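Please keep the viewer open as you read.

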Amino acid sequence: MRINMNNQSFSAAVIGATGYTGQEMVALLARHPRLRTAFATSESETGRRIRGSTLEYVRVGDVPLGEVDVAFICLPHGEAGAWALRAREAGTRVVDLSSDLRDGSHGAVYGLTELSRDEVRDADLVANPGCYPTGVLLALAPLLTAGLVDTTRAMIVNAASGVTGAGRAAKRELLFAEVAEDYRAYGVGNTHRHVPEIRRGLAAAAGDDVPFLFTPHLLPVRRGILETIYVPVVDAADARSVVDAWQAAYAAEPFVEIRSPDLPSLRDGVLRNTVVLGAADVEAAGAPLVVAVASFDNLIKGAAGQAIQNANLMLGLCEHEGLPR
């Protein structure tokens with residue numbers, strides 16, 4: 001394990017710093033003991049001072065990418081990948097928070113840290129996972145690896161996220177009057193853009209494609225994700241087996257918390273870089289079934305916090321530095 005034990009500090013560029021994820025990144029870096037923001041970009045707010053900082057936003061084209069130790073790419077999907085590759089070509093380490101490189105293209109390492117720590121540590125380009133897949137894969141990968149899942153039946157994931165997960169761009173359906181006192185599904189029928197990412201991650205853990213149904217929902221809250229996962233298990237398995245598999249996989253993990261016998265609520269995971277897991281048995285379901293629940297913060301463990309977790313490894317720092325547990 002390569003840990004930088006001296007007091008060296010590192011510089012970061014946040015490319016796309018005024019979206020919700022970019023703002024969260026800047027806020028987390030402001031509290032990091034050894035990683036500081038050197039540049040934060042915004043095309044619309046160039047020249048304005050960043051709140052609580054002496055820095056001003058700059059245009060992305062004015063950032064000397066080769067002069068920072070790590071670049072966090074927080075631009076929209078479809079735009080971010082090109083800048084991630086440009087930053088790597090300039091010689092800096094890169095964590096791309098978009099979906100552009102999550103398929104492993106251009107040699108990007110998929111940065112779900114708990115499942116790919118060694119690869120992340122040696123990478124110069126990491127594709128940060130999507131928010132929804134983070135919880136789904138951390139909940140299900142150990143169960144698939146342990147052979148607890150009956151893969152002839154589909155796993156069902158009902159996931160609900162706060163509205164910051166939809167981005168900061170103005171959209172009528174995200175206005176307060178449209179969201180408040182409501183709850184709705186979207187991206188139904190396995191059409192959400194995170195489905196291919198989930199499929200790849202589950203297949204990697206199982207050794208083959210496995211059937212699942214993913215349905216996201218919009219919660220009338222600012223932040224947080226709660227995923228309720230219906231897991232068809234083999235005959236000998238139950239909630240205790242699920243918890244045992246999690247404990248075996250994550251006993252030394254600083255950012256996975258296992259609740260037993262209680263189930264986590266939304267607030268248990270908010271404002272932390274931690275996924276909180278819990279499981280419960282299901283009676284009279286016709287076949288063995290366990291409910292697994294994952295709670296975490298979409299902006300921290302689902303985005304900016306996980307990106308810093310990856311960058312810490314890439315820079316040889318302690319993985320948990322600067323991150324709220």
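Predicted model: local features only at pLDDT ≥ 70, side-chain atom pairs only at ≥ 80, totals over all residues.

Beyond its neighbours within four places in sequence, L143 is in contact with L148, V149, V231, V242, A245 and W246.

## An aromatic pair across the fold

The structure holds one aromatic pair. It is made by Y132 and F214, whose ring centres are 5.3 Å apart; the planes meet at 70°, so the arrangement is edge-to-face. Because Y132 belongs to helix α4 and F214 to strand β9, the pair ties together parts that are 82 residues apart in sequence. Both partners are buried: the relative accessible area is 2% for Y132 and 0% for F214.

Elsewhere, a charged side chain also meets a ring. R86 lies over the face of W83, at 4.1 Å from the ring centre.

## Helix α6 and its surroundings

Helix α6 has twelve residues. From its first C-alpha to its last it reaches 16 Å, close to the 16 Å expected at 1.5 Å a residue. Its buried residues are V195, E197, I198, G201, L202, A203 and A205. The elements that cover them include β5 (109-110), α4, β7 and β9. Just after the helix, G207 takes a positive phi of about 85°.

R200 is also found in α6, but R200 is partly exposed, with a relative accessible area of 36%. Leaving aside neighbours within four places in sequence, R200 is in contact with R102 and D103. The C-alpha atoms of R200 and D103 are separated by 8.2 Å, although these residues are 97 places apart along the chain.

## Helix α1 and strand β2

Now turn to helix α1 (residues 20-30), where G22, E24, M25, V26, L28 and L29 are buried. These buried residues pack against β1 (10-15), β2, β3 (70-73) and α9 (300-314).

Strand β2 (residues 35-40) contains T37. T37 is buried, at 14% relative accessible area. Beyond its neighbours within four places in sequence, T37 is in contact with A12, V14, L29 and L55, and L29 is one of the buried residues of α1.

## Cysteines without a bond

How many disulfides does the structure hold? The count is zero. For C131, the closest cysteine sulfur is that of C74, and the 13 Å between the two sulfurs is too far for a bond. C131 is buried, at 13% relative accessibility, whereas C318 is partly exposed, at 29%.

## Loops and backbone details

Some backbone details are worth a look in the loops. S260 and P261 are joined by a cis peptide bond, with omega about 10°. P261 lies in the loop between β11 and α8 (266-269).

Two residues other than glycine have a positive phi: N190, near 60°, and L271, near 65°. N190 lies in the loop between β8 (184-185) and α6 and is partly exposed, at 24% relative accessibility. L271 lies in the loop between α8 and β12 and is exposed, at 53%.

A last stop is A252, in the loop between α7 and β11 (256-259). A252 is exposed, with a relative accessible area of 76%. From A252 to R51 is 37 Å, C-alpha to C-alpha, and the two are 201 residues apart in sequence.

Notes:
Residues numbered from 1 in each chain as written. Heavy atoms only, no water. Helix = DSSP H or I, 4+ residues; strand = E, 2+ residues; numbered from the N terminus. Buried < 20%, exposed > 50% of the residue type's maximum accessible area, 1.4 Å probe, protein only. Contact = heavy atoms within 4.5 Å. Disulfide = S-S within 2.5 Å. Phe/Tyr/Trp six-rings, centres within 6.5 Å; stacked < 30°, edge-to-face > 60°. Lys NZ or Arg CZ within 6 Å of the ring centre and 35° of its normal. Expected span 1.5 Å × (residues − 1).
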